[in-house]
Amino acid sequence: MSTAHKNLSVYNTSGIPDISDKRFAIIVAEWNEEITGGLRDGAIATLLKHGAKEENIIITNVPGSFELSFGAQVFAQKEDIDAVIAIGCVIQGETKHNDYINHAVAQGLTNVSLKYNKPVIFGVLTPNTYEQALERSGGKHGNKGDEAAITAVKMLGF
Ligand code: RBF
């Protein structure tokens, strides 16, 4: 299925491990906060749906997506955190910075994940328009927050 038509909230439910004792950190960028709030809420709902306990989900904000890597590192290094979900939205039409930010965050999160040997999930929307962001944060294309959360869950069973 092409990305343009994928519903981000529809996923394969095989291979989902028991996460009832797992602890998650969700780092949320404040830029485009109407969008990132929807992504965050989707991620929380998906974790709870699959058995995570509310007290085991820690939510923290950072100013923008560029700061997600540092935020992720602060939590990934904690022994009692099992997985980190980084949430942001960089709208391409609005800034030439988008390429720099997206590449930096993708690389930064990858580095943190490999350094601490824990799932660190790229829950960053990179749409061309605000409309597309709305469609993917709880709109007609589902919610990338759901997709990020189920990715974290599945990687814990890896
Ligand atoms: N952060 C985001 O999360 N999404 C954006 O779309 C976004 N656009 C930006 C555009 C410009 C021109 C600048 C300067 C920053 C932008 N940021 C954005 C913020 C960035 O991630 C970071 O917080 C700041 O650059 C830190 O000063």
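Helix 1 (residues 33-49) lies across strand 1, strand 2, strand 3 and strand 4, and runs at about 150 degrees to strand 3. The model described here is predicted. Helix 5 (residues 144-156) lies across strand 1, strand 3 and strand 4, at about 170 degrees to strand 4.

Four strands form an open sheet in the order 2-1-3-4, and their pairing is parallel. Strand 2 (57-62) and strand 4 (120-125) are the edge strands, each pairing on one side only. From one strand to the next, the twist averages 15 degrees. Strand 1 (residues 24-29) and strand 3 (residues 83-89) run parallel and are joined by five bridges. Ile 27 has Ala 86 in strand 3 as its bridge partner.

| Helix pair | Axes come within | Crossing angle |
|---|---|---|
| Helix 1 and helix 5 | 7 Å | roughly 40 degrees |
| Helix 2 and helix 3 | 8 Å | roughly 10 degrees |

How do helix 1 and helix 5 lie to each other, parallel or oblique? Their axes cross at roughly 40 degrees, and the two helices are therefore oblique to each other. Helix 1 passes helix 5 in a right-handed crossing. On the helix 1 side, the contact involves Leu 39, Gly 42, Ala 43, Thr 46 and Leu 47. These meet Lys 144, Gly 145, Asp 146, Ala 149, Ile 150 and Val 153 in helix 5. Sorted by class, the residues of this contact are six nonpolar, three polar and two charged.

Helix 2 (68-76) and helix 3 (residues 97-116) make up the other pair in the table. Their axes cross at roughly 10 degrees, which makes helix 2 roughly parallel to helix 3, because angles under 35 degrees count as such. This crossing is right-handed. Helix 2 contributes Leu 68, Ser 69, Ala 72, Gln 73 and Ala 76 to the contact. In helix 3 they meet Ala 104, Val 105, Gly 108, Leu 109, Val 112, Lys 115 and Tyr 116. The contact of helix 2 with helix 3 has eight nonpolar residues, three polar and one charged.

The whole structure holds six salt bridges. One of them links Asp 80 with Arg 23, where the closest N and O atoms are 3.5 Å apart. Which parts of the chain does this pair tie together? Asp 80 is in the loop between helix 2 and strand 3, and Arg 23 is in the segment before strand 1, so the pair ties together parts that are 57 residues apart in sequence.

Conventions. Residues numbered from 1 in each chain as written. Predicted model: local features only at pLDDT ≥ 70, side-chain atom pairs only at ≥ 80, totals over all residues. Heavy atoms only, no water. Pairing = 2+ DSSP bridges. Axes fitted to C-alpha atoms, helices over the stretch in contact; angles between N-to-C directions. Contact = heavy atoms within 4.5 Å. Parallel < 35°, antiparallel > 145°, perpendicular 65-115°, else oblique. Left-handed = near helix turned anticlockwise from the far one by under 90°. Nonpolar A, V, L, I, M, F, W, Y, C, P; charged D, E, K, R; others polar. Salt bridge = Lys/Arg side-chain N within 4 Å of Asp/Glu carboxyl O.
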